[in-house]
Amino acid sequence: TMPMASISCNITEAVGGTPMVTLNRVTTGCLARVVAKLESKNPGGSVKDRIAVNMIAAAEAQGLIEPGKTTLIEATSGNTGVGLAMVAAAKGYTLVLTMPRTPNMTERYMLCRAYGATVQLSDPA
């Protein structure tokens, strides 16, 4: 059974601590125990959530950025932008993302905007 989950004060505290699962069937005959880390269980659905939390925390610790005063700007084509949008929303930052205008990115644009980010679309090269 799984232990009872703790309650986080905000979504950034829920990043990391993702479960690991032993791969039993695909490793038959392997001498080592092989496990997979389920990063898709991060709140934003990606390992990039960790990057976003740590980028912002490092800049805050250095006194480079401050919630409510700093606008964050990032060029992205995917999950890093989603992670940044999630963290920026939780911590009170304004975020502007530039993303390529491609049909397969529509879900990411919508998700980033839902988190409150401004998304500027650029024509692909």
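The largest nonpolar core has 22 residues, and Ile56, Leu72, Leu95, Met99 and Cys112 touch the most other members. A nonpolar core is a set of buried Ala, Val, Leu, Ile, Met, Phe, Trp, Tyr and Cys residues joined through side-chain atoms within 4.5 Å. Buried means under 20% relative accessible area, with a 1.4 Å probe and protein chains only. At least two core residues come from each of α1 (48-61), α2 (79-91), β4 (94-100) and α3 (106-114). The largest share, 6 residues, comes from α2. Helices (H or I, at least four residues) and strands (E, at least two) are DSSP runs, numbered from the N terminus.

This is a predicted model: local features need pLDDT of at least 70, side-chain atom pairs count only at pLDDT 80 or more, and totals for chains, interfaces and linings use all residues. Residues are numbered from 1 along each chain as its sequence is written, and side-chain values use heavy atoms, without hydrogens and water.

Now to α2. Its buried residues, among them Leu84, Val87 and Ala88, pack against α1, β3 (71-75), β4 and α3. Gly92 follows α2 and has a positive phi, near 90°.

Two residues can be set side by side. Contact means heavy atoms within 4.5 Å.

| Residue | Contacts, leaving aside neighbours within four places in sequence |
|---|---|
| Ile56 | Ile65, Leu72, Leu84, Val87, Ala88, Lys91 and Tyr93 |
| Thr12 | Val53, Val87, Ala90 and Lys91 |

Thr12 lies in the segment before β1 (20-22). Thr12 counts as buried because its relative accessibility is 12%.

Definitions and conventions: Buried < 20%, exposed > 50% of the residue type's maximum accessible area, 1.4 Å probe, protein only.
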